[in-house]
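Good morning, and thank you for coming.

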Amino acid sequence: MDSKRRESLKAVAAFGVVALAGLGQRAWAAPIKPGADSALIVVDVQNCFVTGGTLPVKGGEQVVPIINKLAKGFENVVVTQDWHTTGHASFASSHAGKKPFETTKLRYGTQVLWPDHCVQGSQDAAVHKDLDIPQAQLVIRKGFHKDTDSYSAFTEADGKTSTGLAAYLKARGIKEVYVAGLATDFCVAWTALDARKAGFRASVIEDASRGIDLNGSVAKAWADMTKAGVKRVQSSDFA
Ligand code: VGL
Ligand code: ZN
């Protein structure tokens with residue numbers, strides 16, 4: 001073969017490698033088809049976390065149609081609600097001199113302080129009215145202990161109080177969870193990380209989630225999740 005032709009073949013091969021790298025991990029993987037041993041965990045798609053709510057996540061409402069479509073492919077769905085008492089320890093208003101998004105030390109460690117949000121029974125804490133998942137089987141509420149936050153749907157922020165979710169999923173034969181919702185860097189990430197700790201395979205559906213992003217918290221959450229074996233997938237990866 002002449003050297004010109006060899007060079008152009010090399011160029012094609014090199015382009016192929018670059019294209020592969022750019023397309024990411026699942027580029028040519030088979031579509032994901034969740035079975036009876038998989039569950040979708042829809043995290044905190046509540047009025048508090050969308051435009052007009054008390055702790056709005058930028059673009060939070062955009063996940064609703066994406067999650068509705070995804071959920072049609074799941075036989076098992078768990079929905080979570082952030083469900084705080086009035087005067088909750090995670091509210092800046094409960095700590096003299098503190099403003100939202102500052103931190104304080106609670107007995108279990110550093111706690112980010114938030115605006116008052118998702119108070120039990122309020123319209124603000126209700127699930128978004130357009131979330132349409134009639135087959136959802138469990139609604140798990142978290143953050144209801146006044147002195148303890150709970151980003152994770154599995155374990156409260158003290159690192160030991162269980163919500164019961166792991167035992168529920170295990171009793172139902174679930175081996176793999178897909179996590180989506182609000183917010184990527186807090187309740188979604190902590191739920192996915194705890195799912196790994198409890199022995200489940202876990203993925204976060206990136207485009208079906210939105211982050212708050214305090215000081216790079218979204219990038220940090222993805223780094224922590226990748227390290228823990230949480231897969232990063234897109235809604236377009238599903239069959
Ligand atoms: C959340 C902050 C405070 C969340 C809940 O759902 O990610 N974030 N409470
Ligand atoms: Zn909260």
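Let me begin with strand 1 and strand 2, which pair in the parallel sense over 3 bridges. In this pairing, Ile 41 stands opposite Val 78 of strand 2. Please bear in mind throughout that this is a predicted model.

Strand 1 also runs parallel to strand 6, to which 6 bridges join it. There, Leu 40 has Tyr 178 of strand 6 as its bridge partner.

How many of the 6 residues of strand 1 are buried? The count is 6 of 6, so the strand is mostly covered, with buried meaning under 20% relative accessible area. Ser 38, Leu 40 and Val 42 point one way from strand 1, whereas Ala 39, Ile 41 and Val 43 point the other way, and all are buried.

For the overall layout, the protein chain has 5 helices and 8 strands. Along the sequence they follow the pattern α-β-α-β-β-β-β-α-β-α-β-α-β. Of its 239 residues, 46% count as buried. Among contacts between residues at least 6 apart in sequence, 75% join residues at least 24 apart.

I turn now to the interior. In soluble globular proteins, nonpolar side chains tend to be buried together. Here the largest nonpolar core has 60 residues, and those with the most contacts inside it are Val 42, Ile 67, Leu 169, Ile 205 and Met 225. The elements giving two or more residues to this core include strand 1, strand 2, strand 6 and helix 5. Its largest share, 7 residues, comes from helix 4.

Leu 169 deserves a separate word. Leaving aside its neighbours within four places in sequence, Leu 169 is in contact with Ala 39 and Ile 41, with Val 78, and with Phe 154, Ile 174, Val 177 and Phe 200.

Met 225 leads us to helix 5, residues 217–227, whose buried residues are Ser 217, Ala 221, Trp 222 and Met 225. An α-helix has 3.6 residues a turn, so residues three or four places apart point the same way. The face turned away from the buried side of helix 5 carries the exposed residues Ala 219, Lys 220, Thr 226 and Lys 227. What covers the buried residues of helix 5 includes helix 4, strand 7 and strand 8. Just after the helix, Gly 229 takes a positive phi of about 85°.

Next, a residue in a loop. His 128 lies between strand 4 and strand 5. Is His 128 buried or exposed? His 128 counts as buried because its relative accessibility is 11%, and the cut-off is 20%. Not counting residues up to four places away in sequence, His 128 touches Val 45, Gln 46, Asn 47, Val 50, Glu 61 and Val 64. The C-alpha atoms of His 128 and Cys 48 are separated by 8.9 Å, although the two are 80 residues apart along the chain.

Key:
Residues numbered from 1 in each chain as written. Chains lettered and ligands numbered in written order. Predicted model: local features only at pLDDT ≥ 70, side-chain atom pairs only at ≥ 80, totals over all residues. Heavy atoms only, no water. Buried < 20%, exposed > 50% of the residue type's maximum accessible area, 1.4 Å probe, protein only. Helix = DSSP H or I, 4+ residues; strand = E, 2+ residues; numbered from the N terminus. Contact = heavy atoms within 4.5 Å. Core = buried A, V, L, I, M, F, W, Y, C linked by side-chain atoms within 4.5 Å. Pairing = 2+ DSSP bridges.
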